[in-house]
Amino acid sequence: MSNENEMELEQQKKYTENCQIYVKAFQVEHGRVPKACVVTFGCQMNARDSEKLSGVLEKAGYELTDVEEEADFVLYNTCTVRDNANQRVYGRLGYLNSLKKKKPHLKIALCGCMMQEQSVIEKIKKSYRFVDLVFGTHNIFQFAKLLSETLSSGNMVVDIWQETDKIVENLPVKRKYSYKSGVNIMFGCNNFCSYCIVPYVRGRERSREPKDILREIETLVEDGVVEVMLLGQNVNSYGKNLENPLSFAALLQEVEKIEGLRRIRFMTSHPKDLSDDLIEVMRHSTKICRHLHLPLQAGSDRILQAMNRRYTKAQYLALTDKLKTAIPDISITTDLIVGFPGETPEDVEETIDVVKKVQFDNAFTFIYSPRTGTPAAAMENQVPEETVHEGFNKLLAVVQETAKERASLLQGRVMEALVEEVNEQDPAFVTGRLGNNMLVHFKADKRLVGKLVMVALDTCHGFYYTGRMVDWLGQTKHTRLGKMVDNQWLS
């Protein structure tokens with residue numbers, strides 16, 4: 001760890017101690033420990049950021065809660081990928097305002113991608129003056145400092161950085177799950193897809209040093225984690241800006257060597273950067289899950305060019321063919337956008353054609369939403385709403401049909417599942433996640449949460465299965481899709 005990193009952590013530790021003084025005073029005045037609630041909007045990157053923010057709050061002395069009404073400090077970690085995400089936050093702020101009138105001591109904070117937009121900051125300053133703290137994506141590592149300033153000040157604290165090249169390691173973390181964890185391997189994005197706000201709010205690509213990533217995963221495994229999700233806006237471009245460049249494929253090989261780690265996932269992959277080396281590493285791996293999320297967005301070359309995606313329909317199809325040839329049991333999921341400016345019904349048919357040819361295991365299908373500040377928002381030929389919905393519904397029907405067909409092929413097989421939680425509808429059942437990212441519900445003891453088990457997939461329900469456990473994988477056992485384990489039958 002660098003001297004600069006150590007100095008930053010030491011500074012934040014002092015600010016945390018200042019927060020602890022406030023928390024103790026609160027406890028004396030109110031006769032209880034104050035509670036904090038962190039609400040996450042958006043992607044896995046935000047979810048991981050929220051775990052760090054929660055870690056700071058816990059170090060400061062707060063008791064964490066998921067119930068906003070119970071909280072004395074509420075923090076919204078915001079998303080701004082689509083405009084309706086912004087509107088959700090504004091709507092929730094109205095509710096928090098009424099809550100604060102009943103509890104004047106309540107502190108309200110906003111952070112995340114939405115806060116990197118200047119128009120949002122101006123609106124908050126003007127119309128939501130009851131908010132106590134506003135910060136963005138680049139200075140999350142200074143949350144202890146900002147929290148200290150907020151608790152000791154009666155004024156709104158606003159601290160937005162436009163960019164940064166700093167990556168601060170070893171921040172406090174309060175993980176949501178004991179058995180799995182996200183791990184940031186890089187931050188930011190250099191792709192500038194014409195519809196996407198992410199490069200403007202997350203900044204340029206910055207990769208973490210491999211030794212820091214490996215050290216973090218080793219620590220997680222020592223603490224009981226069996227599955228990690230390597231996170232980046234485009235993991236395939238990992239390592240390019242390091243002083244000693246290292247490819248994502250090479251990083252995966254190093255992660256695989258960590259003893260005790262059972263499963264590796266990653267997200268998200270950009271098709272233009274998915275290398276043959278990565279495919280080979282996945283093909284030979286015993287730990288990388290047989291699932292790849294590979295956003296297509298559109299099947300029309302004309303629309304792909306307007307989106308600045310930098311690949312063609314033919315190139316995407318060739319890539320997925322290569323993946324399926326090398327890894328026959330791979331599950332491929334994707335993202336699709338309908339209604340991009342200038343899109344015609346014929347363009348939508350091109351997307352449908354890709355869906356039919358690739359046979360995606362699932363697809364997240366979105367209606368295009370203009371984001372102020374992106375090139376696409378200023379494009380002419382915005383598609384009429386009626387046309388968009390017609391194309392969306394047609395595409396969605398094909399996605400659902402092909403995904404259901406893919407899922408049904410696994411019925412009757414026995415596969416490895418990581419037990420993630422007790423089923424909410426029936427506590428006698430648990431929910432497990434397969435290597436292909438699908439869910440299976442089956443009867444089992446709740447003590448198996450966090451364990452790997454073998455499950456027979458008895459009935460396919462389209463996008464999930466019901467089944468029965470046939471074996472519990474002890475710490476020395478391991479399987480991947482299509483392998484035999486201790487003579488358990490895997491068709």
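Modeller: The second largest pocket of this predicted model has a volume of about 600 Å³. Its lining is made up of 27 residues, and those closest to the centre are Lys 52, Val 168, Glu 169, Asn 170 and Leu 171. Two elements give two or more residues to this lining: α2, residues 44-60, and α7, residues 210-222. Helix or strand, each is a DSSP run. The top contributor is α7, which gives the most, with five residues.

Now sort the lining by residue type. Eight residues are nonpolar, six are polar and 13 are charged.

Charge leads on to salt bridges. One network of them links Arg 48, Glu 51, Glu 169, Arg 208 and Glu 216. Glu 169 is also among the residues closest to the centre of the pocket. A search of the whole structure finds 36 salt bridges.

Start with Lys 166 and Glu 4. Their side chains meet in a salt bridge, with 3.9 Å from N to O. Lys 166 lies in the loop between β6 (157-159) and β7 (180-184), while Glu 4 lies in helix α1 (residues 3-30), so the pair ties together parts that are 162 residues apart in sequence. How accessible are the two partners? Lys 166 has a relative accessibility of 25%, so it counts as partly exposed. Glu 4 has a relative accessible area of 52%, so it is exposed. The cut-off for exposed is over 50%.

Next come Arg 32 and Asp 72. In this salt bridge the closest N and O atoms are 2.9 Å apart. Arg 32 sits in the loop between α1 and β1 (35-40), and Asp 72 sits in the loop between β2 (63-64) and β3 (73-78). The two are 40 residues apart, and the pair links distant parts of the chain. Arg 32 is partly exposed, with a relative accessible area of 32%. Asp 72 is at 3% relative accessibility, so it counts as buried. Buried means under 20%.

Asp 132 is in the loop between α4 (118-127) and β5 (133-135), and Lys 100 is in helix α3 (residues 83-102). They are 32 residues apart, and this pair too links distant parts of the chain.

Move along to a hairpin. Strand β16 (residues 429-434) and strand β17 (residues 439-443) pair in the antiparallel sense, over five bridges. Gly 432 stands opposite Val 440 in β17. Four residues lie between the two strands of the hairpin. In the turn, Asn 437 has a positive phi of about 85°. In a regular strand, side chains alternate between the two faces of the sheet.

Last, step back to the whole chain. There are 13 helices and 19 strands. The radius of gyration is 23 Å, close to the 23 Å that the globule rule gives for 491 residues, so the chain is as compact as a globular protein of that length. The C-alpha trace spans about 65 × 60 × 50 Å along its principal axes. Of the 491 residues, 57% count as buried.

Key:
Residues are numbered from 1 along each chain as its sequence is written. This is a predicted model: local features need pLDDT of at least 70, side-chain atom pairs count only at pLDDT 80 or more; totals for chains, interfaces and linings use all residues. Side-chain values use heavy atoms; hydrogens and water are left out. Two strands pair if DSSP finds at least two bridges between them. On a 1 Å grid over the protein atoms alone, a cavity is a set of points where a 1.4 Å probe fits but cannot get out, and a pocket is an open set with protein on both sides within 12 Å along at least five of seven lines; lining residues have an atom within 4 Å of a point. Grid points are joined across faces, edges and corners, and a volume is the space filled by probe spheres set on the points. Ala, Val, Leu, Ile, Met, Phe, Trp, Tyr, Cys and Pro count as nonpolar, Asp, Glu, Lys and Arg as charged, and the others, Gly among them, as polar. A salt bridge is a side-chain nitrogen of Lys or Arg within 4 Å of a carboxyl oxygen of Asp or Glu. Buried means under 20% relative accessible area, exposed over 50%, partly exposed in between (1.4 Å probe, protein chains only). The radius of gyration is taken over C-alpha atoms; the globule rule is 2.2 Å times the number of residues to the power 0.38.
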